[in-house]
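Please read them alongside the coordinates.

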Amino acid sequence: MAGPLPLGDPAPVDGALPGDLPLDPTRALGVYLHVPFCRVRCGYCDFNTYTAGELRGATAEDYPSEAGREVRLAARVLSDAGALRAASTVFFGGGTPTLLPAGSLTRMLEDVRAHIGVEPNAEITVEANPDTVTQVVADELAAAGVTRLSIGMQSAVPHVLAALDRTHDPAAVARAVGAARGAGLAVSLDLIYGAPGESLADWAASLAQAVELTPDHVSAYALIVEDGTALARRIRRGELAAPDDDLQADMYELADRVLADAGFGWYEVSNWARDDTHRSRHNLAYWRGDDWWGVGPGAHSHVAGMRWWNVKHPAAYAQRLQSGASPAAGRERPDAAATQLERVLLTSRIREGLPLEMLDAGARRSVAGLVADGLVSGEDAVRGRVVLTLRGRLLADAVVHALAG
C-alpha cells in the first residue's frame with residue numbers, strides 16, 4: 001500500500017480553486033482516472049491499490065458511480081474558476097483498471113465526456129495486466145473510444161516475474177497484444193529491469209520478446225525498492241539481493257541500444273516510441289507541467305501551479321463525495337524556487353530538453369562543465385537547449401543537481 005500522503009494546507013470542502021491562479025485556458029488538460037483494485041499486490045508496488053479483502057466498506061461495483069461524482073465536481077470547480085476545457089488526454093491507471101468490466105470503464109469515460117468534455121482527437125489510454133485482456137474486452141474498449149492499451153509485461157522470464165510477484169504467464173502478453181491489435185488499439189509495453197536474480201541475459205530476452213511483439217511504445221523502468229513494500233522487507237531480511245546499480249546501468253544501455261536498433265526513439269529517460277505520434281501525450285503533459293485532474297482515491301491533481309491530493313482509502317473517498325464534499329485531503333502551492341526545481345527536474349528528462357533561458361545565470365554557467373563531462377549534448381547546448389546524452393540519462397539526478405544548485 002502507498003505511503004502517507006504529503007503534508008500540505010487544508011483543502012476547502014467544496015474543492016474551489018484560489019481566485020488568483022494564473023490560469024491558461026490554452027494549456028492542455030488531462031484527466032487521470034485511478035482504479036485502485038488489484039487481485040494481488042506485487043511485492044515491489046507502493047501504489048495506492050487494494051485487494052478485495054482490504055476494501056472495508058467500499059466495492060469495485062460501486063466505484064464507477066463514486067468516480068463519476070468526482071468528475072462532476074471537477075467540472076464545477078474548473079468551470080467556476082474559468083478553467084474548464086475539453087480533455088486532450090484521458091488515462092485509466094491503477095491498480096488494474098481491466099479488473100473492472102469494460103462497461104464500467106466505458107461508463108467512467110462517458111462521465112468525463114458528458115461533464116468535462118473530451119477532444120475529438122484525444123489520446124485515451126487504459127493500463128492492463130496481460131491476463132485481463134481478451135478480444136471481447138479490447139473490442140469493447142475500442143468501441144468506447146479508447147485509443148491505446150498500456151500492457152504490464154514487466155518481463156518475459158518466469159523467474160523474474162516470480163521475483164516481482166507477477167502472476168501472469170509470459171504467453172499472455174502476446175495474446176493481449178494480439179487482442180489490442182485486433183481492436184485497432186495502439187500498444188505500449190511496460191517493462192521493469194533489475195529485479196532480484198535477473199541477469200543481463202534475462203533482460204536481453206525480455207527486450208527481444210518485447211521487440212518481437214512490435215509495440216508502438218515501450219516504457220522501461222529500473223526497479224526501485226520502496227520503503228514499506230514486501231520486496232523491501234524481503235531484502236532487509238536477506239532473502240533477496242538488493243538491485244545492483246551497475247547492473248541496472250548496463251541494462252539501461254542495452255535497452256536503449258536494442259530499442260534504437262528496432263526503430264524506437266527515446267523521448268523521455270524511461271520511454272521510447274516508434275515515432276512521435278506514439279509518444280504518451282498524457283505523460284508528456286506531466287513532464288511539461290500542463291494541467292490535470294486526478295480522479296480517485298489517492299489521486300493527485302495540478303492546475304496552474306496548485307496541487308492537491310485525495311484521501312487514500314476507497315471507503316473514505318466515497319463517503320466524502322456522498323456527503324457533497326471534495327475528496328481532497330490537502331493541497332499546496334509551491335513557491336518559485338520549488339517550482340523552478342521541479343521544472344528543471346522534469347523538463348530535462350525529455351528529448352527536447354530544457355531551454356537555457358529557463359535557467360538562472362549560475363545554472364547556465366554550469367552547462368559547459370556538463371558538456372565536458374559528457375552528460376549534456378554540446379551540439380544542442382549551442383542551439384540553446386540542455387539535452388541529456390546517454391550518459392546523462394544514466395546520471396540524470398547529477399545533472400539536475402548541477403542545474404538547480
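1. R393 sits over the face of W266, 4.1 Å from the ring centre. A charge is taken to sit over a ring if NZ of Lys or CZ of Arg is within 6 Å of the ring centre and within 35 degrees of the ring normal.

2. On provenance: this is a predicted model, in which local features need pLDDT of at least 70 and side-chain atom pairs count only at pLDDT 80 or more, while totals for chains, interfaces and linings use all residues. Residues are numbered from 1 along each chain as its sequence is written, and side-chain values use heavy atoms, with hydrogens and water left out.

3. The structure holds 8 aromatic pairs. Rings of Phe, Tyr and Trp (its six-membered ring) pair if their centres lie within 6.5 Å; planes under 30 degrees apart count as stacked, over 60 as edge-to-face and the rest as tilted. Y32 and F91 are a stacked pair because their ring centres are 6.2 Å apart and their planes are at 25°. Y32 belongs to strand β1 (residues 29-35) and F91 to strand β2 (residues 87-94), so this pair ties together parts 59 residues apart in sequence. Helices (H or I, at least four residues) and strands (E, at least two) are DSSP runs, numbered from the N terminus. Buried means under 20% relative accessible area, exposed over 50% and partly exposed in between (1.4 Å probe, protein chains only).

4. F37 and Y63 form an edge-to-face pair, because their ring centres are 5.4 Å apart and their planes are at 90°. F37 is in the loop between β1 and α1 (63-81) and Y63 is in helix α1, so the pair ties together parts 26 residues apart in sequence. F37 and Y63 are buried. Ring pairs link F37, Y63 and Y317 into a cluster.

5. S88 is in strand β2 and is buried, at a relative accessible area of 10%. Neighbours within four places in sequence aside, S88 is in contact (heavy atoms within 4.5 Å) with A28, L29, E119, A122, E123 and R281.

6. Some backbone geometry deserves a look. The peptide bond from G94 to G95 is cis, with omega near 15°, and G95 lies in the loop between β2 and α2 (102-115). Q154, in strand β4 (residues 148-154), has phi near 65°, a positive value in a residue other than glycine; Q154 is buried, with a relative accessible area of 8%. T214 also has a positive phi, near 50°. T214 is in the loop between α6 (200-212) and β6 (217-222) and is partly exposed at 45% relative accessibility.

7. P170 is in the loop between α4 (158-163) and α5 (171-182) and is partly exposed, at 26% relative accessibility. P170 and Q154 are 16 residues apart in sequence and 9.4 Å apart in space, C-alpha to C-alpha. Leaving aside neighbours within four places in sequence, P170 is in contact with A156, P158 and L161.
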